[in-house]
Amino acid sequence: MLKAYAFEGIYFDQAAADKCMNALHGCGFAQGTDRLTTQTIRAQREFYRRVRQVFLDNGKGPALIGHNSNMMVPANYTHLDVLYNGEQFSERLPNDDYIDAIDEDMLHVQWSSKLLGIPVVFLSEIFSRESRESHWSDEDLYFKHLRTDHALKATRKLMALLLPNDMLFGGDRIHLDLGKRIWDIWDTLGDATYYSHR
Ligand SMILES: [Zn+2]
């Protein structure tokens, strides 16, 4: 497939490890008469490592992108190139205030790029509730909201958490002009190398 098609990577949606109780591959454990599940973290790590090797063997990238917001086992994602995160706040972001919503210690132990060893792109959920309810289909209104003072303040709070922790942000649901200014800085810096502990 890699030889037949010109693509350089794979996006894995919901890239977390699965639960499994199949004793034939060492998963799960017995508790009384029940058999309970364990998570397939090592198997998932090995899967991503092997996918990476297949790309390398075929002279490709790779660009392996994972997205997961609710099953944060950092070791799971070591062999990806980047992890998209942040959607867990789609229902838990009162007043679009990330400083209130995220304790910085929590950020360090769950989501930071340094912890995962790969860059984390945090997907903003500013305006997510409103956009789901009414503005999703009205692009003009949606973009107008993303240029308000409210959006600017909310985006600044998010940046205050992300940028000092080497975390990037996605292009959606941020104050558009502030986001562009930061992207312009990144463009000025040119190609950067991310030094992970992978
Ligand atoms: Zn299994």
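Biologist: What makes β1 and strand β6 a pair?

Modeller: Two strands pair if DSSP finds at least two bridges between them. β1 and β6 (residues 63–67) have five bridges, in the parallel sense. So they pass the cut-off of at least two. In β6, Y11 has I65 as its bridge partner, and F12 stands opposite G66. Strands here are DSSP runs of E, at least two residues; helices are runs of H or I, at least four; both are numbered from the N terminus.

Biologist: Which numbering and which confidence limits apply?

Modeller: Residues count from 1 along each chain as its sequence is written. The model is predicted: local features need pLDDT of at least 70, side-chain atom pairs count only at pLDDT 80 or more, and totals for chains, interfaces and linings use all residues.

Biologist: Which strands form the open sheet, and in what order?

Modeller: Five strands, in the order β1-β6-β7-β8-β9, with parallel pairing. Three bridges join β6 to β7, and β7 and β8 also pair over three bridges. In β7, I65 faces V82 and H67 has Y84 as bridge partner. N85 stands opposite F122 in β8.

Biologist: Why are β1 and β9 called edge strands?

Modeller: Each of them, β1 (9–13) and β9, pairs on one side only.

Biologist: What makes β7 covered on both faces?

Modeller: V82 and Y84 are buried on one side, L83 and N85 on the other.

Biologist: What makes the largest nonpolar core a core, and which residues touch the most other members?

Modeller: A nonpolar core is a set of buried Ala, Val, Leu, Ile, Met, Phe, Trp, Tyr and Cys residues joined through C-beta atoms within 7 Å. The largest one has 25 residues; L80, L83, I118, V120 and F122 touch the most other members. β7 (82–85), β8 (120–122) and α7 (149–162) each give two or more residues to this core. α7 gives the most, with four residues. In soluble globular proteins, nonpolar side chains tend to be buried together.

Biologist: Which residues does F122 touch, leaving out those up to four places away in sequence?

Modeller: N85, G86, W111, L162, M167 and F169. Contact means C-beta atoms, placed from the backbone, within 7 Å.

Biologist: How do you know that the length of α7 agrees with expectation?

Modeller: The expected span is 1.5 Å times one less than the number of residues. For the 14 residues of α7 that gives 20 Å; the end C-alpha atoms are 20 Å apart, so the two agree. Helix α1 (residues 41–57) has 17 residues and reaches 24 Å, close to the 24 Å expected.

Biologist: What makes D96 stand out?

Modeller: D96 has a positive phi of about 55 degrees although it is not a glycine. Most residues other than glycine have a negative phi. D96 is found in the loop between β7 and α2. With 23 other C-beta atoms within 10 Å, D96 is buried.

Biologist: And why does R173 count as buried?

Modeller: R173 has 25 C-beta neighbours inside 10 Å, so it passes the cut-off. R173 is found in the loop between β9 and α8. Its phi is positive too, about 60 degrees, and it is not a glycine.

Biologist: How much of the protein counts as buried?

Modeller: 24% of the 198 residues.

Note on methods: A residue is buried if 20 or more other C-beta atoms lie within 10 Å of its own, exposed if 12 or fewer, and partly exposed in between; C-beta atoms are placed from the backbone. Two residues are in contact if their C-beta atoms, placed from the backbone, lie within 7 Å.
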